[in-house]
Amino acid sequence: PPGAGAPVPPPAMLPADLLAKLDPRVLINRVATLQQEVERLPLTLHELDRREEVIKDQLKKLQEMAIPKETYTLIDKDQEVVAQKARAVGARSAYEFKKNAGDANAPDVLNAKAIWDAAERRWAELRDEKVKTYDGLKRLESARALAAQGTELVAQKQRAQEQLDAAKLLLDKYTKQLAELPLPEKGGGQQGLGVEKPGYTPALSETDATDSIYRQLVQQFHLKSLEMMTPDRVHILQGASAPTQRDSKKQIIGTAFAALMGFALVGLCAIGYETVSRRVCGLADVKGAVPCPVVGVIPDAPANDAAKVAAANESVDKLRAYVSQTWLGRGATAVAVTSAVGDEGKAFVAFGLASSLAQSGYKTLLVDFDLREPVLHTFAAVPNLTGTCEALRGDADPRAAVQLLPSGLHLLPAGQWSDEARRAATGERLDALLAKLKEPYDCVVIHGHALLNAAETVEVTRRCEAVLVCAKYRETVVPLLKSAAERTGAMEIPFAGVVYVGSTEQEALC
């Protein structure tokens, strides 16, 4: 026997088979539990099969799905696609110019037609290739996510099937054990490990259940009696006031009034913002803000609408006709294109006007004087390695940096920006550069920085005989446009005008 204070070992656990023989209810409960598992797991397997079929259908639809339009729209903004499209447009312009200028079957015209066709094919091939690559990557990502879900479903099906097989085996085993148990003897008992346990009978089980219910009722009775005899834990300090009766009509009126006040407040804020910003909303706003005439009105032209693009090109040709007849015909040779602030369409107007002048027979040079944010080289799809900045610093000959485009237009890019070039854009060095650029050309179109943002734009603009100030729909602020026009008037430039970009088709007819 263990000594005093020695730990008492825990009682040994009874084996499952012996426990089932001592109390058949344990075996009955196990059989019932396994039957529930056998009935539940096939439903789970069926649900997993259905989800697997859904994933297969999604993979099939993903494979057969057409390429969405949003992919084409996104690829159309790719730099390589935009550059190749610009080359195709330039090749087409060169072909049309040569075709209209002479014999349509001349070798030069046919060669230009072949160059245009090759550029168009290359643009289409490049666009299709990028669309397929981008769309394939998107589909591959979606397919990988679906495949991961399918793999997880397969693993769940395997686990459920294994559980079902194991439950069936155990159910057969315990069912046989239950059938082999001897019937209980009336009033008898079973001996087991020194523990006297009465035999199991239905009547005994019913008696035990009745006693258990009676004990619970007696326990609840005594607990409730003890709770009622206990003094109150919460004391009322002051009685609550009676709630007032709700007036539904007043609530509805108040809610409606609050909603109207909210809408009115939002409307007043929007009106106040528009009043403070005062952005250009139409041609009338431009005409009322500037004293100089509106010489060009260019409608909005989405890239995917050929009719609107043609209308915009026609408006650019109308601007070219006005500039050539009214300004160039009176001796002007340098035309500056600027705006009040940035992103108001001045690069589009400068490139379009210069290209139209070149195609109409003028020997035209387009100079990118937006030294800080140059963009004209992207319109022409040429590199921006050497240009205006190097000419101002004296690092390169400006004529050697000029590039000839297929449309016949000569382009001088902005070059590599530096603070030294900004300081050189004034005085005699700027006069000498402009004089050297004007010598071999009929017209020089200068694309400058925003007039109110950079000092060099004022220096360049006042050395030109004509200036175009660009204003764009919903981008140009009316007070800033007025300030730019007043600053242009103070320079005493012989010719000045405003170009409105983004107008409606009716306004473009004016």
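Colleague: Which residues make the nonpolar surface patch of about 210 Å²?

Modeller: This is a predicted model, in which local features need pLDDT of at least 70 and side-chain atom pairs count only at pLDDT 80 or more, while totals for chains, interfaces and linings use all residues. Residues are numbered from 1 along each chain as its sequence is written, and side-chain values use heavy atoms, with hydrogens and water left out. With areas from the Shrake-Rupley method (1.4 Å probe, only the protein chains shown counting as cover for residues), the patch is made by Phe 348, Val 375 and Phe 379.

Colleague: Is Val 375 buried, partly exposed or exposed?

Modeller: Helices (H or I, at least four residues) and strands (E, at least two) are DSSP runs numbered from the N terminus, and Val 375 is in the loop between strand S5 (364-369) and helix H11 (376-380). Buried means under 20% relative accessible area, exposed over 50%, and partly exposed in between (1.4 Å probe, protein chains only). Because its relative accessible area is 30%, Val 375 is partly exposed.

Colleague: Is Tyr 500 buried or exposed?

Modeller: Tyr 500 belongs to strand S10 (residues 495-503). Beyond its neighbours within four places in sequence, Tyr 500 is in contact (heavy atoms within 4.5 Å) with residues including Val 280, Leu 283, Ile 298, Tyr 473 and Glu 507. Since its relative accessibility is 0%, Tyr 500 counts as buried.

Colleague: What distance separates the C-alpha atoms of Tyr 500 and Thr 476?

Modeller: Tyr 500 and Thr 476 are 24 residues apart along the chain. Their C-alpha atoms are separated by 9.9 Å.

Colleague: What volume does the largest cavity have?

Modeller: Rolling a probe the size of a water molecule over the atoms shows where empty space is left. A cavity is a set of points, on a 1 Å grid over the protein atoms alone, where a 1.4 Å probe fits but cannot get out; points are joined across faces, edges and corners, and the volume is the space filled by probe spheres set on them. The structure holds one cavity of 30 Å³ or more. The volume of the largest cavity is about 40 Å³.

Colleague: Which elements each supply at least two residues of its lining?

Modeller: Lining residues have an atom within 4 Å of a point. Among them are Ala 336, Val 337, Ile 446, His 447, Thr 457 and Val 460. The elements that each supply at least two are strand S4 (334-339), strand S8 (443-448) and helix H16 (455-461).

Colleague: Is Asp 343 buried or exposed?

Modeller: Asp 343 is in the loop between S4 and helix H10 (346-359). Its phi is near 60 degrees, a positive value in a residue other than glycine. Because its relative accessible area is 67%, Asp 343 is exposed.

Colleague: Which residues does Gln 84 contact, leaving aside its neighbours within four places in sequence?

Modeller: Gln 84 lies in helix H4 (residues 79-101). With a relative accessible area of 9%, Gln 84 is buried. Its contacts are Ala 119, Arg 122, Trp 123 and Leu 126.

Note on methods. Patches are made of residues with over 30% relative accessible area and no salt bridge: like charges are joined within 9 Å, nonpolar side chains (Val, Leu, Ile, Met, Phe, Trp, Tyr) within 5 Å. A salt bridge is a side-chain nitrogen of Lys or Arg within 4 Å of a carboxyl oxygen of Asp or Glu. On a 1 Å grid over the protein atoms alone, a cavity is a set of points where a 1.4 Å probe fits but cannot get out, and a pocket is an open set with protein on both sides within 12 Å along at least five of seven lines; lining residues have an atom within 4 Å of a point.
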